[in-house]
Amino acid sequence: MRGFLLVLLFALALFQAVAQSSGRRVMVLEATAYTSSPRETWGNPFVTATGTRTRIGVLAVSRDLLGVLPYGTRVRLRDLGTVHGRGKGQFDPFFREVVFVVEDTMNARWRNRVDVWMPDRATALRFGRRLVELEVVELPQR
């Protein structure tokens, strides 16, 4: 199992290097999902860190990624499957139609991770922990 993970990490690093050299800004990150449940949020569960309402297309990022993916960054996601290598592409039909916007942040304990807002707990649990390919579509105007 350890060998598989090393090969997977090497392949992801190589893929990222090729994608960056082609002019696309692409990152492979671990992703989870959250809902507007009071137990999963802080403060008002229907309001993001930027003050907008939660909705499909809201993306929360770990605080260490805010320098690379500041609030307002528009991105596309592609499902690479669970962290254990299963279910690749299962959420691609959901992702295909949506341009996600970074409008929220995660708890300070998380690093190199994104959190996709989902409308219900069942879908969020089915999403679980996955790897996603995140492609930056547009950075916010400064």
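Let's start at one residue, Thr-32. Setting aside neighbours within four places in sequence, Thr-32 is in contact with Met-106, Arg-113, Val-114, Asp-115, Val-116, Phe-127, Gly-128 and Arg-129. Contact here means heavy atoms within 4.5 Å.

A word on the model. This is a predicted model, where local features need pLDDT of at least 70, side-chain atom pairs count only at pLDDT 80 or more, and totals for chains, interfaces and linings use all residues. Residues are numbered from 1 along each chain as its sequence is written, and side-chain values use heavy atoms, with hydrogens and water left out.

Back to Thr-32. Thr-32 sits in strand E1. Is Thr-32 buried or exposed? Thr-32 counts as buried, because its relative accessibility is 13%. The cut-offs are these: buried is under 20% relative accessible area, exposed is over 50%, and partly exposed is in between, with a 1.4 Å probe and protein chains only.

Next, Ala-31. Ala-31 is also found in strand E1. Its relative accessible area is 0%, so Ala-31 is buried. Beyond residues up to four places away in sequence, Ala-31 touches Val-114, Phe-127, Gly-128, Arg-129, Arg-130 and Val-132. Now look at Glu-133. The C-alpha atoms of Ala-31 and Glu-133 are separated by 9.5 Å, and the two residues are 102 apart along the chain.

Now the whole fold. The protein has three helices and six strands. Helices (H or I, at least four residues) and strands (E, at least two) are DSSP runs, numbered from the N terminus. In sequence order the pattern is α-β-β-β-α-β-β-α-β. There are 142 residues, and 42% of them count as buried. Take contacts between residues at least 6 apart in sequence: 78% of them join residues at least 24 apart.

On to the core. A nonpolar core is a set of buried Ala, Val, Leu, Ile, Met, Phe, Trp, Tyr and Cys residues joined through side-chain atoms within 4.5 Å. The largest one has 23 residues, and those with the most contacts inside it are Leu-59, Leu-77, Phe-100, Val-114, Phe-127 and Leu-134. Which elements supply at least two residues each? They are E1, strand E2 (58-61), strand E3 (74-82), E4, E5, helix H3 (121-127) and strand E6 (130-138). E1 gives the most to this core, with four residues. A second, separate core has five residues, including Tyr-34, Ala-60, Met-106 and Trp-117.

Helix H3 also holds Thr-123. Thr-123 counts as buried, because its relative accessibility is 16%. Leaving out neighbours within four places in sequence, Thr-123 is in contact with Phe-91 and Met-118.

Last stop, the largest pocket. A pocket is found on a 1 Å grid over the protein atoms alone, as an open set of points where a 1.4 Å probe fits, with protein on both sides within 12 Å along at least five of seven lines; lining residues have an atom within 4 Å of a point. This pocket is lined by 24 residues, and Glu-40, Thr-41, Trp-42, Thr-105 and Asn-107 lie nearest its centre. Strand E1 (26-34), strand E4 (100-105) and strand E5 (113-117) are the elements that give two or more residues to the lining. E1 gives the most, with three residues.
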